[in-house]
Amino acid sequence: MAVLTTRMRPYGTTIFTQMSALAARTGSVNLGQGFPDEDGPSAVLDAAVAAIRAGENQYPPLSGTVQLRRAIAAHQERRYGLRLDPDTEVLVTMGATEAIAASVLALCEPGDEVITFEPYYDSYAAVVSLAGATRRTSVLRFPDYAIDEASLRAAFTDRTRLVLLNTPHNPTGKVFTRAELELIASLAAQHDVYVVSDEVYEHLIYDPAQHVPIATLPGMAGRTLTISSAGKTFATTGWKVGWVHGPAELVAAARTVKQFLTFSGSAPFQPAVAAGLALPEAVFTDYATELAGKRDLLIQGLSAAGMATSRPEGTYFVVADATPLGGRDAVAFCQELPHRVGVVGIPVQVFCDDKEASAGLVRFAFCKRHEVIEEAATRLARFANS
């Protein structure tokens with residue numbers, strides 16, 4: 001008798017866990033899993049230590065501490081002009097992944113349809129399956145990853161319940177333009193569906209791109225749940241502090257589900273994140289500038305190894321075409337690369353339903369020290385030349 005439920009059988013161990021384990025076994029440079037190898041702002045780290053010493057180590061409130069919810073609301077108003085009631089329109093979660101899960105599980109019935117863009121972050125497919133809903137996708141194609149309007153319009157049906165959006169986009173690094181967001185917004189309004197917008201990379205934007213939260217577009221605040229987290233912004237991915245905000249009734253729905261997932265957590269990290277969100281704007285822009293330099297360094301190295309690349313406008317990922325290095329089957333290529341070259345990447349095909357659209361594409365992370373990126377580039381160039 002099969003143990004795992006039918007809806008979850010397509011999902012095994014995540015590619016991130018597999019490739020990080022392979023990196024450890026082979027001593028490879030790990031440009032696969034997207035976690036920084038340098039700590040974030042000392043003010044944020046020190047605030048967490050102080051909170052632990054002050055005894056903030058027990059369950060925080062279900063919705064998150066008042067201090068953090070107010071900091072999130074202040075941040076959204078200051079940056080985007082979004083005015084939120086921190087008591088009813090903000091919910092703190094165990095990372096953005098829980099926020100996504102709680103939102104989709106709260107809003108979708110079995111048989112509903114969820115539209116997302118592919119490549120898509122792997123948890124999207126799994127949580128749609130958990131909800132008993134059906135995934136429909138619109139493909140973004142290398143290297144510019146522009147919306148295909150015809151395919152997006154075709155994805156909507158009378159069973160569409162919500163659009164699961166991700167901008168800046170993982171794994172491609174695309175930042176959706178205002179015009180593209182206006183198209184999504186018009187279709188959401190036309191079909192009367194919700195939007196769940198994953199914006200965890202909102203601070204990792206590279207000139208001249210600009211991040212536009214879809215909730216700021218006319219008529220969208222009332223039908224959008226916006227998600228973000230501290231992990232990417234403050235290089236603290238292990239803290240698992242995320243949040244979701246939107247209309248009170250939608251946040252209440254997500255909160256109802258969230259209380260039976262983790263209830264609450266990350267107690268000493270919540271005041272630290274609140275302190276981080278209040279830091280001067282230069283802290284955020286300086287980090288983005290630093291990452292932009294690392295992006296350019298990695299692109300230079302990948303190009304020297306003979307691979308065409310995208311030029312990401314956000315996140316900390318570059319997508320490269322490994323076909324010139326024999327990587328037409330990107331999954332097999334990424335499995336062999338650590339043994340042959342000592343570098344780990346992630347095959348983009350694992351984020352897609354349309355495998356052919358992403359054949360040969362590999363995602364590499366540049367949220368690493370300069371010397372790590374340079375070593376990976378040297379190894380790839382040596383492999384290409386051989």
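**Burial, pairing and packing in a predicted model**

Mentor: Within helix α13, the buried residues are V372, I373, A376, A377, R379, L380, A381 and F383. The model is predicted, so local features require pLDDT of at least 70 and side-chain atom pairs pLDDT 80 or more, whereas totals for chains, interfaces and linings use all residues. Residues are numbered from 1 along each chain as its sequence is written, and side-chain values use heavy atoms, with hydrogens and water left out.

Trainee: What makes residues 370-385 a helix, and what span does α13 reach?

Mentor: A helix is a DSSP run of H or I with at least four residues, a strand is a run of E with at least two, and both are numbered from the N terminus. Helix α13 has 16 residues. The expected span is 1.5 Å times one less than the number of residues. From its first C-alpha to its last, α13 reaches 22 Å, close to the 22 Å expected.

Trainee: Which elements do the buried residues of α13 pack against?

Mentor: They pack against β1 (29-30), α11 (281-304), α12 (330-340) and β11 (343-344), where contact means heavy atoms within 4.5 Å.

Trainee: Why is T93 called buried?

Mentor: Buried means under 20% relative accessible area, exposed means over 50%, and partly exposed lies in between, with a 1.4 Å probe and protein chains only. T93, placed in strand β2, has a relative accessible area of 3%, and it is therefore buried. Leaving aside residues up to four places away in sequence, T93 touches E98, A99, K240, V241, G242, W243, V244 and K258.

Trainee: What makes the approaches of the T93 side chain to G95 and W243 polar contacts?

Mentor: A polar contact is a pair of N or O atoms within 3.5 Å; within protein, one must be able to donate a hydrogen and the other to accept it, and residues adjacent in sequence count only if both atoms are side-chain atoms. A polar atom of the T93 side chain lies 2.8 Å from the backbone oxygen of G95 and 3.4 Å from the backbone nitrogen of W243. Both distances are within the 3.5 Å limit.

Trainee: How do you know that β5 and β6 pair?

Mentor: Two strands pair if DSSP finds at least two bridges between them. Strands β5 (residues 160-166) and β6 (residues 194-198) share 5 bridges in the parallel sense, and V163 stands opposite V195 in β6. They belong to an open sheet of 7 strands with mixed pairing, in the order β2-β8-β7-β6-β5-β3-β4.

Trainee: Why are β2 and β4 edge strands?

Mentor: Each of β2 (90-93) and β4 (134-139) has a single partner strand, so one side of each lacks a neighbour in the sheet. Neighbouring strands are turned by 20 degrees against each other on average, direction ignored. Helix α3 (residues 66-80) packs on this sheet, touching β2 and β8 (242-245), and its direction makes about 120 degrees with that of β2. Axes here are lines fitted to C-alpha atoms, for helices over the stretch in contact, and angles run from 0 to 180 degrees between N-to-C directions.

Trainee: Why does F364 count as part of a nonpolar core?

Mentor: Such a core is a set of buried Ala, Val, Leu, Ile, Met, Phe, Trp, Tyr and Cys residues joined through side-chain atoms within 4.5 Å. The largest one has 100 residues, and L152, I184, I214 and F364 have the most contacts inside it. A second, separate core of 20 residues includes L68, A73, V90 and W239.
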